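Please open the structure in a viewer and keep the sequence panel beside it.

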Amino acid sequence: TKNAQSFANMDIIEKDSRWQATTIASSPVLDSSTVAKFVDFVGKSVAHRVAYINKFSKKVVRFAIDLPNGSKLGVRLEKSDKGVSLCFIAPDETTRELLKLCENGIQNKIKSDDNFQTNVYIFSDYQEMDDYFLKAA
């Protein structure tokens, strides 16, 4: 089955890129190289899934990324005519702060892979994300 292979390949790519990000989300000092590594790590984890929703005409894809500090980062991608909505769900404040610092870099990383608009949102939990989009609608 092609889809099963695609997901297996995604896991391999994600695991291969984890070693590059060993100190990313647990580093108390956020220098430019830490931010760049985080952008690269998250960008690689997300970019191939953006390609997946484009290739298979999926509208929504949800997945989680295991961060080096042991935290999980929830991700929700939604494709529309306007572009891609990229939502990060991070329960811990440190990860949310790092995501805010990296937001433009992540957008640029995704944009460099395809030509469409990418909107990045950062939430502490799924309920906050749902409430935001209900108010926006």
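Begin by selecting Ser85, which counts as buried because its relative accessibility is 13%, where buried means under 20% relative accessible area, exposed over 50% and partly exposed in between, with a 1.4 Å probe and protein chains only. Ser85 is found in strand β3. Helices (H or I, at least four residues) and strands (E, at least two) are DSSP runs, numbered from the N terminus. Now display the residues that Ser85 touches: with residues up to four places away in sequence left out, they are Arg76, Leu77, Glu78, Asn119, Tyr121 and Phe133. Contact here means heavy atoms within 4.5 Å.

Before going further, please note that this is a predicted model, in which local features need pLDDT of at least 70 and side-chain atom pairs count only at pLDDT 80 or more, while totals for chains, interfaces and linings use all residues. Residues are numbered from 1 along each chain as its sequence is written, and side-chain values use heavy atoms, with hydrogens and water left out.

**The whole chain**

Zoom out and colour by secondary structure. The chain comes to four helices and four strands, and from the N terminus on its elements run α-α-β-β-β-α-β-α. Of the 137 residues in the chain, 40% are buried. Among contacts between residues at least 6 apart in sequence, 56% join residues at least 24 apart.

**The sheet**

Select the four strands next. They form an open sheet with the order β1-β2-β3-β4 and mixed pairing. β1 (60-66) and β4 stand at the edges with a single partner strand each, so one side of each has no neighbour in the sheet. On average, neighbouring strands of this sheet are turned by 20 degrees against each other, direction ignored. Strands of a sheet pair through backbone hydrogen bonds, either parallel or antiparallel. Two strands count as paired if DSSP finds at least two bridges between them.

- β1 and β2 pair in the antiparallel sense over seven bridges. Select Arg62, whose bridge partner in β2 is Arg76. The two strands form a hairpin with five residues between them, and Gly70 in the turn has a positive phi of about 95 degrees.
- β2 and β3 also pair in the antiparallel sense, over seven bridges. Select Gly74, which stands opposite Ile89 in β3, and then Val75, which stands opposite Phe88 in β3. A hairpin joins β2 to β3 through two residues.
- β3 and β4 pair in the parallel sense over seven bridges. Select Ile89 again: its bridge partner in β4 is Phe123.

Is β3 mostly covered or mostly uncovered? Seven of its seven residues are buried, and β3 is thus mostly covered.

**The pocket**

Which residues line the largest pocket? Select Glu78, Ser80, Lys82, Gly83, Val84, Ser85, Asn119, Tyr121 and Phe133. A pocket is found on a 1 Å grid over the protein atoms alone, as an open set of points where a 1.4 Å probe fits, with protein on both sides within 12 Å along at least five of seven lines; lining residues have an atom within 4 Å of a point. The largest pocket has a volume of about 160 Å³, a volume being the space filled by probe spheres set on the points. β2 (72-80), β3 (83-89) and β4 (117-123) are the elements that give two or more residues to this lining. β3 gives the most, with three residues. By class, the lining has three nonpolar, four polar and two charged residues. Ala, Val, Leu, Ile, Met, Phe, Trp, Tyr, Cys and Pro count as nonpolar, Asp, Glu, Lys and Arg as charged, and the others, Gly among them, as polar.

**A residue in helix α2**

For the last stop, select Val35, whose place is in helix α2 (residues 32-55). Val35 is buried, with a relative accessible area of 19%. Leaving out residues up to four places away in sequence, Val35 touches Leu98 and Cys102.

Methods. Axes are lines fitted to C-alpha atoms, for helices over the stretch in contact, and angles run from 0 to 180 degrees between N-to-C directions.
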